[in-house]
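Thanks for coming. Please have a look at the sequence and the model on the screen before I go on.

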Amino acid sequence: MPTMADVARTAGVSVATVSHVLNGTRPVLPHTRQAVLDAVDELGYTPNTLARSLVTSRTRSIGLAVSAISNPYFTEILQGVEAGALEHGYSLLIADPHDDPGHERKVAQLLHERRVDGMIVAPSADPRELVAYLTRHEVPAVFLDRVVEGAGGADEPRDAGAGTEGRETPAGGPRRFDQVCAESTRPMAELVTHLAGLGHRRIGLVAGLPGLSTTAERIAGYRQGLTASGLPYDPHLIVHGDSESAGAEVATAALLGLPTPPTALVTANNTMTIGALRTLHDRGLSVPDDLALCCFDDFAWADLFAPRLTAIAQPSREIGTEAVRLLLERLAAPDRPTRTLRLPCAFVHRTSCGCAETGAYGRPAPRSQSSQPKGTVS
């Protein structure tokens with residue numbers, strides 16, 4: 001079986017250089033790094049991960065805890081985490097906390113007992129037990145998708161650059177964690193103002209699970225959009241679908257049952273979009289003729305619906321890769337200030353909002369501002 005010394009001899013470098021290339025512990029010139037990798041391939045060298053972990057107290061593994069892994073949004077995040085981990089020579093251990101605070105803490109303990117070097121977690125609506133466990137055991141961790149108030153550094157928009165740091169943890173204060181998520185408030189406001197610009201005056205929101213930061217931020221964006229459009233806020237037009245398809249079915253039915261139902265609907269994630277569409281179909285309602293629809297979260301088949309879904313696209317894969325980057329930086333510099341990164345979303349303009357289609361797969365042409373959708377209440 002070839003050894004690291006054999007790799008060094010074949011590549012014409014020192015054993016230390018081979019170690020730095022394989023472990024990512026020091027920058028190496030590109031041509032030298034490639035020579036080492038070519039030697040590894042030529043010889044079929046396989047690092048002894050177990051022996052290395054005994055020496056370094058590192059397993060080069062990352063624990064990932066996210067709920068609803070079957071959700072296309074989290075699947076893309078997982079792909080980003082996996083790509084980032086593999087790029088730096090880390091393996092991935094995956095667990096599903098099921099958005100349950102008690103189970104979430106058990107999952108963290110399980111991953112910790114597997115001696116992962118750090119964790120990436122999408123926290124539940126009540127992450128106090130999780131935060132307490134990670135703090136007590138000094139586990140390096142990054143929170144993704146949902147932020148935990150008071151757990152991270154100052155908000156850092158992606159435009160500010162990855163090198164900008166948040167505020168430092170106060171000496172003697174509670175342990176703080178790096179966090180990465182997409183923007184939620186402004187994109188949601190954009191959906192609402194778009195619908196208002198098409199003439200809608202009663203816009204319903206199928207909101208997510210109460211307690212999640214994404215739910216609170218998207219409700220805030222919904223209200224900001226109403227204010228910017230000069231529309232009154234009606235609390236009856238917000239119903240929680242609890243971030244699930246079945247919950248969205250019930251929530252959509254409740255909105256349709258109002259004395260004056262909405263003429264437009266915004267769903268706050270992709271699984272709730274499916275639930276809302278199912279209820280509309282069961283009621284024999286057509287989108288956008290009977291009810292305009294916009295959704296937060298774009299997904300692979302949104303462009304195949306008839307009509308095609310106008311949506312906010314989150315940078316899900318980038319969220320995953322950024323989470324790995326933040327975690328590896330934390331492992332390399334445990335005392336550096338914590339950061340919270342917010343990545344920008346994209347408005348994907350299609351036709352479920354009621355805008356006319358210019359071609360089979362062309363860009364939609366907005367209606368005149370003076371036109372009103374069928375059933376609009378002024």
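Predicted model: local features only at pLDDT ≥ 70, side-chain atom pairs only at ≥ 80, totals over all residues.

Residues are numbered from 1 along each chain as its sequence is written, and side-chain values use heavy atoms, with hydrogens and water left out.

Start with helix α8, residues 185-197. Helices here are DSSP runs of H or I with at least four residues, strands are runs of E with at least two, and both are numbered from the N terminus. α8 has 13 residues and spans 18 Å from first C-alpha to last, close to the expected 18 Å; that expected span is 1.5 Å times one less than the number of residues.

Which residues of α8 are buried? They are P187, M188, A189, L191, V192, H194, L195, A196 and G197. Buried means under 20% relative accessible area, exposed over 50%, partly exposed in between, with a 1.4 Å probe and protein chains only. The buried residues of α8 pack against several elements, including β7 (203-207), α9 (213-228) and β10 (292-296); contact means heavy atoms within 4.5 Å. After α8 comes G199, with a positive phi near 105°.

D145 sits in the loop between β4 and β5, and counts as buried because its relative accessibility is 7%. S243 is in the loop between β8 and α10.

Last, V287 and P288 are joined by a cis peptide bond, with omega about 5°. P288 belongs to the loop between α11 and β10.
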